Amino acid sequence: MTSPLAIEANGLVKTFGDTRAVDGVDLEVARGVVYGVLGPNGAGKTTTIRMLATLLRPDGGSARVLGHDIVSEADDVRGLVSLTGQLASVDDDLTGRENLILLGRLLGFATKQARVRADELLVAFGLQDAAGRLVKNYSGGMRRRLDLAASIVVTPELMFLDEPTTGLDPRSRNQVWDIIRALVGLGTTVLLCTQYLDEADQLADRIAVIDSGKVIAEGTPAQLKASVGQGALHVRLLDPERRDDAARLLAGTLDAEPQLEADPAALSIRIEDAERAAEAVAELSRADLGLAGFSLSQPSLDEVFLALTGHPAEDAETDVEVAA
Amino acid sequence: MSTTQSSPAASTSPESARPSSTSQALNAALSSATRPPRPGPLSAAITFGWRGMRKIRHVPEQLLDVTITPVLFLLMFTYLFGGAVSGSTGEYLQYILPAILVQSVLFTAVYSGVALNTDMTKGVVDRFRSLPIWRPAPLVGAVLGDTARFAIAATVVVLLGLVMGFDASGGIGGVLLAMVLVVGFAFSLSWTFTTVGLLMRTPSAVMNTGFMVLFPLIFLSNAFVEPSTLPSALEAFVNANPVSHLITATRGLMGGDSSAGDIGLVLGEAAVMTAVFAPLTVRLYRGKG
Ligand SMILES: Nc1ncnc2c1ncn2[C@@H]1O[C@H](COP(=O)(O)OP(=O)(O)OP(=O)(O)O)[C@@H](O)[C@H]1O
Ligand SMILES: [Mg+2]
């Protein structure tokens, strides 16, 4: 009965009118890992999660979550998972403490135990000072932390997280990441939807990239990034006049096509490895072109997509099932 | 593009100096959660009822329309029309107090649909639906919580009526039974509005539809005039209208001349409404998403 896989989806399909929101998604997620689902707006991430969390019935295909069929054994699935939705899944019109007590009681704690558990979680998530305030007055970061706390009133075996850090500042984002790491440390499997390559890279053991309802690539973050290179080197000069010279020099050392930026003194170039980027910067400095500043950036999701869809995509897309 | 060099905040390392007391508390909180047995259907529904009550506690102003509107109606109808319709305001009060009681509580029932419609747009519904609980619990609980509202509206009307000189020949017992009957009927009626609440796109559409249904049912009833004074087609409608039946039974209980037949008819109609619309609401709720 115990399947080695936390999630096993075959050709999941969901249509809304003419939109094929999810168009034949296959997933295999091992237990105990963080699995990233990466995709742009409208890719079908939320729809996929909602089907796996038994909130939406698939129109085609099938899936098992922790060994249970998401349609015929939906109730068993619900007993093992928890969901942190894209819209924070907390009640705005209650206080933070009431939210947690509500969930504790719904999960079967007696009132007193539910209160104890709520207070324990409020402290653990740094919300004790805001416990008695209505959630509608919480900051975005506080809401998310409460949302996560609500998801672990009882530790789930599998947790669905839909864009948990969208709209958060870097500090709140790091807090959320730490919470996710702590959860995984205790053996919970996490399915994490995100638009940020950076986030998937930080947290996920494996990543599926989805676009227009289809999985277009799957692998470890390293494999995925290898397909797009290391990112880019950005250079700014003191004198815009020298930009063309700098472009020529960079093109020579890094063997790539520099991009001129809107700023007349700035340009950028794709890099394959950091060592050569460092050499290129040294070259620029030796050539005395008047360097005002430089930085390295990681590849963005846009670049991942460009790279993935620009490549002949046969290997990624061939065996997508055309389910009813 | 996210630059890695320019902003120190972006260079995250999991082992960076973080107050370890927090992460210890976190780990303790994470590992201490043993799963209790699932709650029963009733317990889950009562918990949702508790949720509704807490919301009233946080925003008591939302009770204003439940309390002020009935007061205005009772005062207006009694003193404006009393003389014209019955010859004296005192006599008319005897006639319309049970009707105003019914009217006030039934209008409050529209709120159940409006609240559900508003709730459905919020992320928290996804969490409720992903919990291993009796699926209709959020709905049953919300409607149970709403009966508190009905009881408040009923109490306001009855107390004011007594102050204005209503003569309750049915005694305290009769008045209380009348209130229970009206609140019970409103509980059943709520299910029609929760159905509407799940069918309509916006809370205001739910409100308008609810009022559009209720206005004719209440005004084309025996609430304010004797049906025998009406044209015969209208009289037939009024006599078939369940709201008339409820008002008749309420008058009977408050006035001390209730008949088991009247009350039985109302209970039967309430049971039919619940049997049709509660399952319909639940089915629509399940299919949402
Ligand atoms: N309830 C719905 N009714 C109609 N269309 C829908 C519904 N839910 C989603 N869609 C459509 O399905 C597609 C996939 O949406 P989905 O929300 O799954 O994307 P997403 O990857 O989560 O995007 P985002 O990053 O913006 O959250 C979109 O085109 C969306 O408009
Ligand atoms: Mg989404």
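Helices (H or I, at least four residues) and strands (E, at least two) are DSSP runs, numbered from the N terminus. The structure is a predicted model, in which local features need pLDDT of at least 70 and side-chain atom pairs count only at pLDDT 80 or more, while totals for chains, interfaces and linings use all residues. Residues are numbered from 1 along each chain as its sequence is written, chains are lettered from A and ligands numbered from 1 in the order in which they are written, and side-chain values use heavy atoms, with hydrogens and water left out.

In chain A, strand 2 (19-30) and helix 1 (45-52) each supply at least two residues of the shell around ligand 1. Helix 1 of chain A gives the most, with three residues. A polar contact is a pair of N or O atoms within 3.5 Å; within protein, one must be able to donate a hydrogen and the other to accept it, and residues adjacent in sequence count only if both atoms are side-chain atoms. Backbone N or O atoms lie 3.1 Å from an oxygen atom of ligand 1 in Ala43(A) and 2.9 Å from an oxygen atom of ligand 1 in Gly44(A).

Chain A and chain B meet in a contact (heavy atoms within 4.5 Å) that takes 58 residues from chain A and 47 residues from chain B. Across this interface the rule finds eight salt bridges, a salt bridge being a side-chain nitrogen of Lys or Arg within 4 Å of a carboxyl oxygen of Asp or Glu. Arg50(A) and Asp126(B) are joined by a salt bridge between their side chains, at 2.5 Å from N to O.
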